[in-house]
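The following questions ask how terms in structural description are applied. Each answer sets a value against a definition.

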There are 2 protein chains.
Amino acid sequence: MDNPRSDRVRSVAALSKRSVRSRTGRFVVEGPQGVREAVRHAPDRVRDVYLTAEAAARYAGDVLGPAREAGLRVHEVTPEVLAAMADAEAPQGLLAVVDTPAPTLEDVLAAGPRLLVLLTNVRDPGNAGTVIRGADAAGADAVLVSDASVDVHAPKVVRSTAGSLFHLPVVTGLDVAATLTALRAAGVRSLAADGTGATALPDADLDGPHCWVMGNEAWGLPAEVRDACDDIVRVPIHGLAESLNLAMAATICLYASAGVLRSGDRPG
Amino acid sequence: MDNPRSDRVRSVAALSKRSVRSRTGRFVVEGPQGVREAVRHAPDRVRDVYLTAEAAARYAGDVLGPAREAGLRVHEVTPEVLAAMADAEAPQGLLAVVDTPAPTLEDVLAAGPRLLVLLTNVRDPGNAGTVIRGADAAGADAVLVSDASVDVHAPKVVRSTAGSLFHLPVVTGLDVAATLTALRAAGVRSLAADGTGATALPDADLDGPHCWVMGNEAWGLPAEVRDACDDIVRVPIHGLAESLNLAMAATICLYASAGVLRSGDRPG
């Protein structure tokens, strides 16, 4: 494929727009790590893999081979075509078009989760992606994302998940109040992470299934969401910093949970 | 001040270049949070504050008032002048030119530090700034930065520290091997944070003074640095993620240390 102005190239490039992703139910993952994790963990959702001859050679073992083994459609393209398809300035020679998954909150709760995180109003793509990556690393069972948050299938979010988007269910488009009600009904405690919390993280009750509830980067959680949670927990600030950024706070909370939840398991 | 092409405007704008920062010993901090923290915590190093009439009104209480009280030189400028001086697209109407501090490793060690972090080869400005912010929040005594790392006074790093650059000493230009030797002589244990570590973070000995040693974002720590440390500690990965990003790993390690070091102090 060598025409950067072909219809197919345009249709892949158009997936950088939220409206097109929403209409088609597809999104793009760029770069070797993301494509490899998609091929490895969600091959049934990979519609097409596009890569340059150089990338085909370089990632023969961890992308091209597994993609062909899984019977995926693999297309060799020129660097110009790849650049025209990609959102990133340096997509490293490959990308894949993937069906957007549609896990539901019901699916997640039916599986008996122990650790969840709910993003209520996260606007920064890097923060959203980093929380998904941190949730994966901490062994969370799923990430829940409200309808007011950034689209987790936007190119910048996908990149910053570093492949974690394919490792755990990410439920999107949720209503926050309804989600908190559903969590409670399922026996999952909701813990608002908020600097105003009376409970410091080291004193929080992290036994049993729970969900961290994270607010907006700038203004945190609205009072009605905090009040609807079972506890409000603050990450202690020991120095002069005003706060931690959202992704750091979420990761610290999730790792504190992992430490408690896993203390009965084998050493991590 | 209303001429965006004046010598003074050019000389401030030139501080976005590392060579100019290095030659002049000055850097720029942009936006209300950074300028406020500079005025509050390092007024003796603030050479000039530039702000628009709108910013002067909006930040009268937390920037303009304290700046005048501290006897600082405050200049009202047009939005065009501010935009020409600034690196950020939206500096929010104010910036300050600040003398680069020059704390030394000897100063830091002489103060009897309990918790330090050493960035050996951090290249991403956002990561470096986020680690400084996380170190501040975790109550670290200082951040040490090797000569191979990004310049912590670059605009993007300064921004991502969210003011923490003015809260704790940040020692730059260090030789890694000499620093590890100096730490040992001062009774500060060095803990390499590395995915290959045999010791999982929950099992690490975090009693007593110690310094987290962080590697490069992509390739981690070289074997000779790992081997020169007192222990190699991994943040456990519970899910399918390959790794955590550098800033997250550093923040988790620093907060684990804070939890142990502060357990004898008042609750955080």
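Contact means heavy atoms within 4.5 Å. This is a predicted model, in which local features need pLDDT of at least 70 and side-chain atom pairs count only at pLDDT 80 or more, while totals for chains, interfaces and linings use all residues. Side-chain values use heavy atoms, with hydrogens and water left out.

Q: Which residues does A:Leu180 touch, not counting residues up to four places away in sequence?
A: By the contact rule just given, A:Leu180 touches A:Leu118, A:Ser190, A:Val213, A:Val225, A:Ala228 and A:Cys229. A:Leu180 and A:Leu118 lie 62 residues apart along the chain, and their C-alpha atoms are separated by 9.3 Å.

Q: Why is A:Leu180 called buried?
A: Buried means under 20% relative accessible area, exposed means over 50%, and partly exposed lies in between (1.4 Å probe, protein chains only). A:Leu180 has a relative accessible area of 6%, so the residue counts as buried.

Q: What makes helix α3 of chain A largely enclosed by the rest of the structure?
A: Helices are DSSP runs of H or I with at least four residues, strands are runs of E with at least two, and both are numbered from the N terminus. Seven of the 10 residues of α3 (residues 32-41) of chain A are buried, and therefore the helix is largely enclosed. Among them are A:Pro32, A:Gly34 and A:Val35. The buried residues of α3(A) pack against β1 (26-30), β2 (46-51), α5 (60-69) and β4 (94-99) of chain A.

Q: How do you know that A:Cys211 is too far from A:Cys229 for a bond?
A: A disulfide is a pair of cysteine sulfur atoms within 2.5 Å. The closest cysteine sulfur to that of A:Cys211 is in A:Cys229, 8.1 Å away, so the two are too far apart for a bond. A:Cys253 is in no disulfide either, as the nearest cysteine sulfur, that of A:Cys211, is 11 Å away. Over all chains, the count comes to zero disulfides.

Q: Why does A:Cys253 count as buried?
A: The relative accessibility of A:Cys253 is 0%, and therefore this cysteine counts as buried. A:Cys211 is also buried, with a relative accessible area of 0%.

Q: What are the nonpolar, polar and charged counts in the lining of the largest cavity?
A: Ala, Val, Leu, Ile, Met, Phe, Trp, Tyr, Cys and Pro count as nonpolar, Asp, Glu, Lys and Arg as charged, and the others, Gly among them, as polar. A cavity is a set of points on a 1 Å grid over the protein atoms alone where a 1.4 Å probe fits but cannot get out, and lining residues have an atom within 4 Å of a point. The lining of the largest cavity divides into nine nonpolar, two polar and four charged residues.

Terms used. Residues numbered from 1 in each chain as written. Chains lettered and ligands numbered in written order.
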